[in-house]
Amino acid sequence: MPTLAIIGAGSGLGAAVARRFAREGFAVALISRTAARVQALAEELAGEGVTARGYVANVRDHDSLRAALDDAAADLGPIDVLQYSPLPAKEFLRPVLETTVEDLQPAIEFSVYGPLVAIHHVMQHMRFRGGGTVLLVNGGSAVRPVAKFAGTSVAFAGESALGQ
């Protein structure tokens, strides 16, 4: 059974993607920083017949992110598809003229370093098995910067560049 890992799994997009991939025979690893929410989502999906497990990690804590991916692979099998789609923090949404280096740094850690850690961690398996898929989900400010959302505009552009 192939495995999908969703980093930033929630009740909206994450749940919809989990259900869609489950219909194609995937087991689903749900990764979020909120244990109660991710466990509830895993239970909800399991009740629908989806092979799903929840794992806790903060994308800015690289060790916890690697550990969650390792635990998911140990429980469900090697990760074949990785989706990176955590919801950005509200503090990343400051106007450009009010944004400092200290404001931008966490946004870059979240949207560039986080996916880089996750991709690098699962890529060796994907390469060994002859392929895999990485899905990076971010906002439109990656393509068209928005002055009132400086953090996500810069960080999402970096994430998109990483994906390319």
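Two rings of Phe, Tyr or Trp, the last taken by its six-membered ring, are treated as a pair if their centres lie within 6.5 Å, and planes over 60 degrees apart make the pair edge-to-face. In this predicted model, that rule gives a count of 1 aromatic pair. The ring centres of F21 and F26 are 5.0 Å apart and the planes stand at 80°, so the arrangement is edge-to-face. Both F21 and F26 are buried.

The strand pairing was examined around β4, which spans residues 79-84. Strand β1, residues 3-7, runs parallel to β4 and is joined to it by 5 bridges. Strand β5, residues 133-136, also pairs with β4 in the parallel sense, over 4 bridges.

V81 of β4 has L4 opposite, and in β5 the bridge partner of V81 is T133. Further along, Y84 stands opposite L136 of β5. In a regular strand, side chains alternate between the two faces of the sheet. As for burial, 6 of the 6 residues of β4 are buried, so this strand is largely enclosed by the rest of the structure.

Helix packing was described for α1 and α2. A packed pair of helices is characterised by the angle between the axes and the distance separating them. Helix α1 covers residues 13-23 and helix α2 covers residues 35-47; the two pack at an angle of about 30°, and their axes are 11 Å apart. The crossing of α1 past α2 is right-handed. On the α1 side the contact is made by A15, A18 and R19, and on the α2 side by L41, E44 and L45.

The relative accessible area of T152 is 4%; the limit for a buried residue is under 20%, so T152 is classed as buried. When neighbours within four places in sequence are left aside, the residues in contact with T152 are P88, F92, L93, S141 and A157.

Definitions and conventions
Residues numbered from 1 in each chain as written. Predicted model: local features only at pLDDT ≥ 70, side-chain atom pairs only at ≥ 80, totals over all residues. Heavy atoms only, no water. Phe/Tyr/Trp six-rings, centres within 6.5 Å; stacked < 30°, edge-to-face > 60°. Buried < 20%, exposed > 50% of the residue type's maximum accessible area, 1.4 Å probe, protein only. Pairing = 2+ DSSP bridges. Axes fitted to C-alpha atoms, helices over the stretch in contact; angles between N-to-C directions. Left-handed = near helix turned anticlockwise from the far one by under 90°. Contact = heavy atoms within 4.5 Å.
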